[in-house]
Amino acid sequence: MTATGFAQAREQSTPPSDADPETGQSMTRLLRPYGWRFALVVILQVIGALAGLAPLLAVVELGRALLAPGPVDHGHVWPVVIGGAVGLLVRLVFTAASSGVGHLLDGRVQLSLRRQLAARLGRVPIGWFSRRRTGELARVVGEDVSAVHPFIAHTPGELVSAFVVPLVSLIYLFTIDWRLTLITLIPV
């Protein structure tokens, strides 16, 4: 076997490295046209996450109003209840919108990726297909492309919620009593 033949055989048998910088660049190139849609998903999720805190803050304010000495101020209680309900509704609408945009974005990215794969497969020599099993090609084009679904459709919104809600809650708790807030951070 010649050195060139050996290098080609080795190249075909070696799986691509996960830390391959070329992979990161191609993913960036693939996702770049959809950047503003990712930003929309994040913005909608931030609004939904912040609105989701309104019912919790309403419960706190209701507790203050109902436990205050003297008669209950109905002029203060009802706006708090309505504000909490509106916050819950806004959370539902914006979180659903974020998820919907994320899933539409996922569909477009997967379609683009499948088209790019088909275009590349259209340029390979016929002999390349004879060395591959049909199931292997179907897995790459079907299952492997579908595997990006959680990364595109769910992860941006879930990451935003995972950071925004605790951060805003922490800021709120610090405004109430910084000493008790520090004590609540001990288990964390």
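Trainee: Are H3 and H4 roughly parallel or roughly antiparallel to each other?

Mentor: This is a predicted model, where local features need pLDDT of at least 70, side-chain atom pairs count only at pLDDT 80 or more, and totals for chains, interfaces and linings use all residues. Residues are numbered from 1 along each chain as its sequence is written, and side-chain values use heavy atoms, without hydrogens and water. H3 (residues 35-52) and H4 (residues 54-67) pack at about 20 degrees, axes 5 Å apart; angles run from 0 to 180 degrees between N-to-C directions, along lines fitted to C-alpha atoms over the stretch in contact. Under 35 degrees counts as roughly parallel, over 145 as roughly antiparallel, 65 to 115 as roughly perpendicular and the rest as oblique, so H3 and H4 are roughly parallel.

Trainee: Which residues of H4 make the contact?

Mentor: Contact means heavy atoms within 4.5 Å. By class, the H3 contact with H4 has five nonpolar, one polar and no charged residues; Ala, Val, Leu, Ile, Met, Phe, Trp, Tyr, Cys and Pro count as nonpolar, Asp, Glu, Lys and Arg as charged, the others, Gly among them, as polar. H3 gives Leu50, Ala51 and Gly52, and H4 gives Ala54, Pro55 and Leu56.

Trainee: Is Gln45 buried or exposed?

Mentor: Gln45 sits in helix H3. Beyond four places in sequence, Gln45 touches Thr95, Ser98, Gly157, Val160 and Ser161. Relative accessible area under 20% means buried, over 50% exposed, in between partly exposed (1.4 Å probe, protein chains only). At 8%, Gln45 is therefore buried.

Trainee: What is the relative accessible area of Gln110?

Mentor: Gln110 lies in helix H5. Val145, Ser146, Val148 and His149 touch Gln110, leaving out residues up to four places away in sequence. Gln110 is buried, at 10%.

Trainee: How far apart are the end C-alpha atoms over residues 80-105?

Mentor: An unreviewed UniProt entry lists residues 38-60 and 80-105 as "transmembrane region"; such annotations may be inferred rather than shown by experiment. Helices (H or I, at least four residues) and strands (E, at least two) are DSSP runs, numbered from the N terminus. Residues 38-60 are 96% helix and 0% strand, with ends 34 Å apart. Residues 80-105 are 100% helix and 0% strand, and their end C-alpha atoms are separated by 37 Å.
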